[in-house]
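Thanks for coming. I have one model to walk through today, and I will start from a single residue. Please put it on the screen.

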Amino acid sequence: MEQDVLQIFSQGSYLILLGTVTAAVFFAMTALHELQSRHLDGLVYLVLAVFFVAAHFIYLAELPSKTMALLSDQPMSVWLWLSLFFAPALICLFILFGVFRLMFSSTQAGLVKIFMGLTLLCYLYMLGPNWPVDVKGILTLVYSGVWFDIGLKTAV
């Protein structure tokens, strides 16, 4: 019984951590776009991105050790954080924004975003589940650069 309750709360914790990273990346992208087009609204989005980053790391630091053990059997490092939290957030954002763009504005931009999200998903979880964590982290960093590059070029 204790193990079942611990798994439920650890999954909820993971979803909260993933949601805060996703929100931070979304607001950072929006802030960069707004600041690039010289709108002061970008500062508000930048503050929101910083808030979600801070909330994520505070929540991560306050997790009990049992919950951290369920999330990963390795000690937390930058590479592990990139592959555990940042990569799924990027995959979600690529696919959600791709579907939105595909349905409502630009077919080509939507297909590119969906393709990038699905290739990252395929690389990390189908082809490379046994890859070293630093390789997964580097791949995630490359895809995050692509996310910001595509987002700034295709923003309407």
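Start at threonine 140. Contact here means heavy atoms within 4.5 Å. Threonine 140 sits in helix α6, residues 133–154. Helices are DSSP runs of H or I, at least four residues, and strands are runs of E, at least two, numbered from the N terminus. Is threonine 140 buried or exposed? Its relative accessibility is 0%, so threonine 140 counts as buried. Our cut-offs: buried is under 20% relative accessible area, exposed is over 50%, and partly exposed is in between, with a 1.4 Å probe and protein chains only.

A word on the source. This is a predicted model, where local features need pLDDT of at least 70, side-chain atom pairs count only at pLDDT 80 or more, and totals for chains, interfaces and linings use all residues. Residues are numbered from 1 along each chain as its sequence is written, and side-chain values use heavy atoms, with hydrogens and water left out.

Now the whole chain. How many helices and strands does the chain have? There are 6 helices and 0 strands. The order from the N terminus is α-α-α-α-α-α. The radius of gyration is 17 Å, close to the 15 Å that the globule rule gives for 156 residues, so the chain is as compact as a globular protein of that length. That radius is taken over C-alpha atoms, and the rule is 2.2 Å times the number of residues to the power 0.38. Along its principal axes, the C-alpha trace spans about 50 × 35 × 25 Å. Of the 156 residues, 39% are buried. Take the contacts between residues at least 6 apart in sequence: 65% of them join residues at least 24 apart. The accessible surface is about 9,200 Å², and 72% of it belongs to carbon and sulfur atoms. Accessible areas come from the Shrake-Rupley method with a 1.4 Å probe; for residues, only the protein chains shown count as cover.

Next, the rings. The structure holds 12 aromatic pairs. Rings of Phe, Tyr and Trp (its six-membered ring) pair if their centres lie within 6.5 Å; planes under 30 degrees apart are stacked, over 60 edge-to-face, and the rest tilted. Take phenylalanine 97 and tryptophan 147. Their ring centres are 5.4 Å apart and their planes are at 80°, so this pair is edge-to-face. Phenylalanine 97 lies in helix α4 and tryptophan 147 in helix α6, so the pair ties together parts 50 residues apart in sequence. Tryptophan 147 is buried, at 2% relative accessible area. Phenylalanine 97 is partly exposed, at 26%. Both belong to a cluster linked by ring pairs, made of Phe26, Phe27, Tyr45, Phe51, Phe52, Phe94, Phe97 and Trp147.

Which residues make the nonpolar patch? Val99, Phe100, Leu102, Met103, Phe104 and Leu111 do, over about 600 Å². Patches take residues with over 30% relative accessible area and no salt bridge; like charges are joined within 9 Å, nonpolar side chains (Val, Leu, Ile, Met, Phe, Trp, Tyr) within 5 Å. A salt bridge is a side-chain nitrogen of Lys or Arg within 4 Å of a carboxyl oxygen of Asp or Glu. Helix α4, residues 78–104, gives the most to the patch, with 5 residues. Methionine 103 is in helix α4, and at 57% relative accessibility it counts as exposed.

Now helix α1. Serine 13 is in this helix. At 7% relative accessibility, serine 13 counts as buried. Not counting residues up to four places away in sequence, serine 13 touches Tyr59, Leu63 and Thr67. Alanine 28 is also found in helix α1. At 21% relative accessibility, alanine 28 counts as partly exposed.

Last, a backbone detail. Most residues other than glycine have a negative phi. Arginine 38 is not a glycine, yet has a positive phi of about 65°. Where is arginine 38? Arginine 38 is in the loop between α1 (2–36) and α2 (41–61). Arginine 38 is exposed, with a relative accessible area of 76%.

That is my tour. Over to you.
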